[in-house]
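Thanks, everyone. I will keep this short and start with a local detail before moving out to the chains.

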Number of protein chains: 2
Amino acid sequence: MKKNPILAVGSVALDTVKTPFGRVNEALGGSATYFSASARFFSPVSVIAVVGSDFPGKHLEAMRLLGVDTSGIEVQKGKTFRWSGFYDFDLNTAHTLRTELNVFQHFRPKVSPEARSSRYVFLANIDPELQFTVLNQVHDPWLVACDTMNFWIENKRKALQKLLKKVDIFLCNDAEARELSGEYNLIRASKRILSFGPRLLLIKKGEHGVICFSKDFIFLAPAYLLEKVFDPTGAGDSFAGGFIGYLTRSPRLNESVVRQAAIYGSVLASYNVESFSLNRLVDLKRVEIERRYRHFRRLTRF
Amino acid sequence: MKKNPILAVGSVALDTVKTPFGRVNEALGGSATYFSASARFFSPVSVIAVVGSDFPGKHLEAMRLLGVDTSGIEVQKGKTFRWSGFYDFDLNTAHTLRTELNVFQHFRPKVSPEARSSRYVFLANIDPELQFTVLNQVHDPWLVACDTMNFWIENKRKALQKLLKKVDIFLCNDAEARELSGEYNLIRASKRILSFGPRLLLIKKGEHGVICFSKDFIFLAPAYLLEKVFDPTGAGDSFAGGFIGYLTRSPRLNESVVRQAAIYGSVLASYNVESFSLNRLVDLKRVEIERRYRHFRRLTRF
């Protein structure tokens, strides 16, 4: 096995989040961060991102302690990307108060010579043109997955559709799937999106679970039910981390592996939302992941 | 087996419904109607309800042709209960335009001597005081299930809680569970509601599926995914019909029977929403129910 089979590009950020259960100020966040903290349970991960000179060294150290290769995280003069937002009791809806792109605004991702041979590539939610740039620097990857958001669907649709031709797995939420496809019904939306290129589409519905679509099958998975959801920030990226992570452990991308991977993704996301920032993912043990996977089976079998 | 093991009290109504896909005017509707048209696939059903002298005879005849015992449907001088509403593309949300109680306003349900020995009782969404009246007329039923709505939670909470002490199975949607329990989180809400009396709680989440709660287990079921949802009216009651119907076929109310019943409920609801009024439930064949049940397994297994 190669040393760093997963390459992830995305944001490494400072998040200020308020939920009905508390708040954090400038905590470690970002899509690449949540993804890598989850995927690292399955395979080594290298992150490509940019932070400002104000980024606390302890955060990079924390990522390294998780086994994440942070050598691709550039430190640029200026301020780190910041997001602040809040959630009401309906934790499925994030309310953004402020997004400061800062050094992210002029980010030009560079893939190191070693990382160019990565087998698995995860393009977290950033400008699809940048996602394309990263992908172009990787030599013949086995599997490419990408995420996006409404902003890019509205403002960079052409670039996104160009990218989707080169992508194996596309992840988005239900509103984004509807917007991208122009179809309200999710089966129709999936057919349209699969026609853009990906062979697998994962529609994330937050607390209502996830639906996997391919040309050959549909898989419906409810979300793991929790008594305490503390902070949903990063749920989608930790889902992607568990999902892609599990795929790296299988020699083939067949239907039953995809189904299991979706449950592993849901397990990682469910742990992530149990606390602010990466707190729960940092403490998490592999045995707990397996335990919750088995519990998922009991919760859903009939 | 007794002749009419299921007794259902609820509304038999004339619905005027508009969806993005069409509209119907004064079509046959009502909670007891949808329930009985689904439950009749499993066991004979007697309906207790009231209609006005304007109620078309063809509708009563249609119910009889389905095998439903309509002898408990009183015809009173006056107008039949009418509901009109519409759905946008988000078919999970019904927008009520008008509710005319008409003869329903002074409804005093009377259970016939034969129906008093019914083994299974379904108290569809009506005034909890009336639900209680019906229940008091039945001799020692094996299983009692009831549904409700936000209006009764807000205006007849005491009567509802008194009723819940006598109920085995309570069905409601997620918003109602939250309102009744005062808890946003559904696990906490379920604990509180189970403490009111029922040994089983089914929280219906529309297109997001259903959750069954008991003291001993939780079962998460996604909704069956459809490419065409035509009219969601009656989905909750046809779910209840499939669910209670299946339970009448099992000698015991154990965990695995409840899980299977929830899937049968979802199957019936999924067929119901494929057309306006009862159209699809009238045509439906038992073999189609079994086919979709098996498909449900393929959609959810991992």
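E12(A) and E13(A) make a hairpin, with 4 residues between them. Strands here are DSSP runs of E, at least two residues, and helices runs of H or I, at least four, numbered from the N terminus. This is a predicted model: local features need pLDDT of at least 70, side-chain atom pairs count only at pLDDT 80 or more, and totals for chains, interfaces and linings use all residues. Residues are numbered from 1 along each chain as its sequence is written, and chains are lettered from A and ligands numbered from 1 in the order in which they are written.

Strand E13 of chain A covers residues 218-221 and pairs with E12(A) in the antiparallel sense over 4 bridges; two strands pair if DSSP finds at least two bridges between them. A:Phe213 has A:Ile218 as its bridge partner in E13(A).

E12(A) is also joined to strand E11 (residues 200-204) of chain A, antiparallel, by 4 bridges. There A:Lys204 is partnered by A:Val210. The hairpin of E11(A) and E12(A) has 5 residues between the strands, and A:Gly206 takes a positive phi near 60°.

Elsewhere in chain A, 4 strands form an open, mixed sheet in the order E3-E2-E6-E7. Its edge strands are E3 (22-29) and E7 (95-100), each pairing on one side only.

Now the two chains. A rotation of 180° with 0.0 Å of shift along its axis puts chain B on chain A, RMSD 0.0 Å, superposed by least squares on C-alpha atoms of residues with pLDDT of at least 70 in both. That is the relation of a two-fold axis.
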